[in-house]
Amino acid sequence: MENRNDADRREALSRKMRQTGRYGGGRYGSGMAARTGSRNIRLFGMVFVLLLCAGLAVWSYAGHKNPFYILVGDQSAKDPNENEAGETPPEGLQNKLNGTTRQEGQEQKPYEVPEMVRVLLMSSNYSSIYHDTLVLKGTTGDVAITAAELREKFDETKEKLLQEGMILENSGECYMLAPNKNDQGENEQETAGEQLCVLSMTRACGSPSYRGCLYIYLRNEQFVLVNELTLEEYLYGVLPSEMPASYHNEALKAQAVCARTYACAVMENPRYPEYNAQLDDSTSCQVYGNLAEHESTTSAVEETKGEILLFEGRPVSTYYYSTSGGIGSSIGVWQGFTIGEYPYLSNRSQNAVHEELQLSSDTEFAAYLAAGHDDIESGYPWYRWSCQVSGIDADAVYEKLKERYAVKQEGVELVGTEENESKKEDGAVRADMLPHPGRIRMLSIEKRNPSGCAVCLLVEGEQCSYRVYGEYNVRYLLCDGNTTVTRQDGSTTVMSTILPSAYVILTPILDKEELLGYSIIGGGYGHGVGMSQNGADALAASGSDYRDILAYYYIGTELKK
């Protein structure tokens, strides 16, 4: 509340200054009447030119201010054995989208929450936007539709679907499919009611069902599916997929506000404009429809209907993750994003005693992980974990380096030698010319942020070396694909893609000078930016309501309906 009041006072002062401010002097031409006519004309011309230049400068500044940015996440791996919420870390600056910009001197219109949303539905396993087949559940049986039938036998297909309780319309570039709410048939209880069940898709809940309607786009013999529904109904399918329905109601309500705000922020810059779709249903945005709707999560959505978090009048980037290791991070753990652009996403300690800790060195962070702390999440399994990797496959490391370099060149840096410098073109190495590092001599954390998160990994090879930047890339490079992680409660799970977090201490296992592997001690699950979902649940259990939880994790934001 203190930060919010400070912001209000600053805004009021700024507004007052804009209303009363004048250019210095403000009296150009005073006393000039006594001059000769020719000098008057010359001076008037100079003043006019100066004022015109000043006006152009002000216009240029107002029209070219840095835009409001919205972050969009990449596909971060989620432990399939965990009933933990997914996370949405950004892939990099290519996902940094231009949003609405408030120009200086213009009155900003109050933000209005959109009523509807369009969600592109990924294929099974979220591997593609294209579907090879389309099979729907009808009132009497399954209905398979082919692209050829839609193109060449539309009337017959429409009649067939009508008999199965569905309406099909041709809207030009695509087809619209919706439940026939006027006639559900005799077997209404055997269908999804007013929802469309897509049998050709597989999610954790089995075959998913969707409210609203489906828009079907044909791409050769494949389908692109877009689900259009109300924003609140969309959240019915997001919440149980992103937070366990068994969590405390106030935590679920906080998650509902986060999910709604995140959707609003991304909707300002649609992810799939060619299909008029703002989001998809994967971890690239928010997981939607992976688990069936649940009474507790639906109630949390309804109890917070229309509520979002705003910062300077715009929806904020409400990132969230599963579990902290005691201290969350600012957005600086992602390469290319500056703390100044997102002041509400800053380091957040779960313990007031540690608010001033600086854990940017290995020694400090190792001591922090080893000590016992009275943190609100200290009882959760992912609060502390460990694993060991035996054997370093240099070829596998090389392939991962090339893969991450292809995604974002700035995330992988070839450490310069004269030979390597010759392979650069305009300061960048061509992807197909990245040299093999050879036998891996050492892996080490070269840089941490103040909360202890590893943001730079040094890969030292016999032939060349690399620096890998960003917490996601560090987690990805250090995971060998079959790493067994032991949580603090003794339970284990295999991480197939990335490590649980980048809040790690890396200790090499050596035989003389030969690197045999490394052991890792870590804390938390997820990127550590924004709201910890288990932290929210712990705060709710201790009596905090959802407003307190949101204010705690998103500093200086406003909750608006």
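Is Glu413 buried, partly exposed or exposed? I looked up Glu413 and found that Glu413 is partly exposed, with a relative accessible area of 32%. I note at the outset that this is a predicted model.

**Entry: the chain as a whole**

I began with the overall figures. The chain has 561 residues, of which 48% are buried. I recorded 13 helices and 30 strands as its secondary structure. The accessible surface comes to about 26,600 Å², and carbon and sulfur atoms account for 49% of that surface. I then turned to contacts between residues at least 6 apart in sequence, and found that 69% of them join residues at least 24 apart.

**Entry: Glu413 and its partner**

I returned to Glu413 and looked for a charged partner. The side chain of Glu413 meets that of Arg467 in a salt bridge, at 4.0 Å from N to O. Arg467 belongs to strand 24 (residues 465-469) and Glu413 to strand 19 (residues 412-414), so this pair ties together parts that are 54 residues apart in sequence. Arg467 is also partly exposed, with a relative accessible area of 23%.

**Entry: further salt bridges**

I reminded myself that side chains of opposite charge can pair when their charged atoms come close. The count for this model is 20 salt bridges.

I examined Arg151 next. Arg151 forms a salt bridge with Glu221, and the closest N and O atoms are 3.2 Å apart. Arg151 lies in helix 3 (residues 147-152), while Glu221 is in the loop between strand 10 (213-219) and strand 11 (222-230), so the pair ties together parts 70 residues apart in sequence. The relative accessible area of Arg151 is 40%, and Arg151 is therefore partly exposed.

Lys253 and Glu303 form a salt bridge through their side chains, at 3.5 Å from N to O. Lys253 is in helix 6 and Glu303 is in helix 7 (residues 295-303), so the pair links distant parts of the chain, 50 residues apart. I compared the accessibility of the two partners. Lys253 counts as buried, at 9% relative accessibility, whereas Glu303 is partly exposed, at 40%.

I also noted a network of salt bridges that links Arg211, Glu233 and Glu293.

**Entry: a sheet and the helix across it**

Which strands make up the open sheet of three strands, and in what order? I read the order as 14-13-30, with antiparallel pairing. Strand 14 (314-315) and strand 30 (558-560) stand at the edges with a single partner strand each, so one side of each has no neighbour in the sheet. Strand 13 (residues 308-311) is joined to strand 30 by three bridges, and these two strands run antiparallel. Within strand 13, I located Ile308, which stands opposite Lys560 in strand 30.

Helix 6 (residues 249-267), which holds Lys253, lies across strand 13, strand 14 and strand 30. Helix 6 runs at about 55 degrees to strand 13.

**Entry: cysteines**

How many disulfides does the count give? The count comes to zero disulfides. Cys174 is in no disulfide, and the nearest cysteine sulfur, that of Cys213, is 9.3 Å away. Cys174 counts as buried because its relative accessibility is 4%.

I then checked Cys479. The closest cysteine sulfur to that of Cys479 is in Cys387, at 7.9 Å, which is too far for a bond. I noted the cut-off used here, that a disulfide requires the two sulfur atoms to lie within 2.5 Å. Cys479 is buried, with a relative accessible area of 1%.

Technical notes: Residues numbered from 1 in each chain as written. Predicted model: local features only at pLDDT ≥ 70, side-chain atom pairs only at ≥ 80, totals over all residues. Heavy atoms only, no water. Pairing = 2+ DSSP bridges. Helix = DSSP H or I, 4+ residues; strand = E, 2+ residues; numbered from the N terminus. Contact = heavy atoms within 4.5 Å. Axes fitted to C-alpha atoms, helices over the stretch in contact; angles between N-to-C directions. Buried < 20%, exposed > 50% of the residue type's maximum accessible area, 1.4 Å probe, protein only. Areas by Shrake-Rupley, 256 points an atom, 1.4 Å probe, with all protein chains shown as cover.
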